[in-house]
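Work through the exercises below with the sequence and the model at hand. Each task is followed by its solution.

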Amino acid sequence: MTGMEIWAATAVALFLKSITLAMLQGYWRTTNKAFAKPEDAKAFGKGAEMLAEDLPAVQRAQGAIRNDGENVPYFLFIAFAHVHLECWPAGVPWPFGAFVLARCAHSLFMVSPRQPHRTASFALGLLVTLTLAAQIIWTLAT
């Protein structure tokens, strides 16, 4: 696979991970018949309980999605530049795969609360992104 193909596969994998979290939110709401929005209770939950706020698991999944929104775009932009500049073509699969695994682990540890695992998986993803950024700077400087 080319670097661009690996980048595209990485983007799709990260998208599917986020969509999975969104689907889990809906699953937890409907199976527990507990909704924070009246229109959702009316549409999906006959006899549903109206909550002042979402279920804790739903809130945690939303937190993971929000955290993805704060981290994944930076990675994808930097990863795209890394591939486009051919910083380290042979090494592309390793950091890209590590980032996907780190973000999947972060989501898992966010939904089923586990520290320090959540922080470690976040740090791994950040380290990968910083490493790619450093390789871009090195490539531009040399």
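A residue counts as buried when its relative accessible area is under 20%. The model is predicted.

**Exercise 1.** Check whether the length of helix α1 agrees with its number of residues.

Solution. Helix α1 covers residues 3–32, which is 30 residues. The expected span is 1.5 Å times one less than the number of residues, so α1 should span 44 Å. The C-alpha atoms at its ends are 44 Å apart, which agrees. Just after α1, K33 has a positive phi of about 45 degrees.

**Exercise 2.** List the buried residues of α1 and find what covers them.

Solution. Buried in α1 are I6, W7, T10, L14, K17, S18, L21, Q25, W28 and R29. Their cover includes β1 (34–35), α3 (56–84) and α4 (93–111).

**Exercise 3.** Describe how α1 and α4 are placed relative to each other.

Solution. The two axes are 9 Å apart, and the packing angle is about 10 degrees. Angles under 35 degrees count as roughly parallel, so α1 and α4 are roughly parallel to each other. The contact residues of α1 include W7, L14 and W28, and those of α4 include F96, F99 and V111. By class, this contact has 12 nonpolar, 2 polar and 2 charged residues.

**Exercise 4.** Do the exercise again for α3 and helix α5 (residues 117–141).

Solution. The axes of α3 and α5 come within 8 Å and cross at roughly 20 degrees. By the cut-off of 35 degrees, α3 and α5 are therefore roughly parallel. Their crossing is left-handed. Among the residues in contact are F75 and I78 of α3 and F122 and L132 of α5. By class, the contact has 9 nonpolar, 5 polar and 2 charged residues.

Technical notes:
Residues numbered from 1 in each chain as written. Predicted model: local features only at pLDDT ≥ 70, side-chain atom pairs only at ≥ 80, totals over all residues. Heavy atoms only, no water. Helix = DSSP H or I, 4+ residues; strand = E, 2+ residues; numbered from the N terminus. Buried < 20%, exposed > 50% of the residue type's maximum accessible area, 1.4 Å probe, protein only. Contact = heavy atoms within 4.5 Å. Axes fitted to C-alpha atoms, helices over the stretch in contact; angles between N-to-C directions. Parallel < 35°, antiparallel > 145°, perpendicular 65-115°, else oblique. Nonpolar A, V, L, I, M, F, W, Y, C, P; charged D, E, K, R; others polar. Left-handed = near helix turned anticlockwise from the far one by under 90°.
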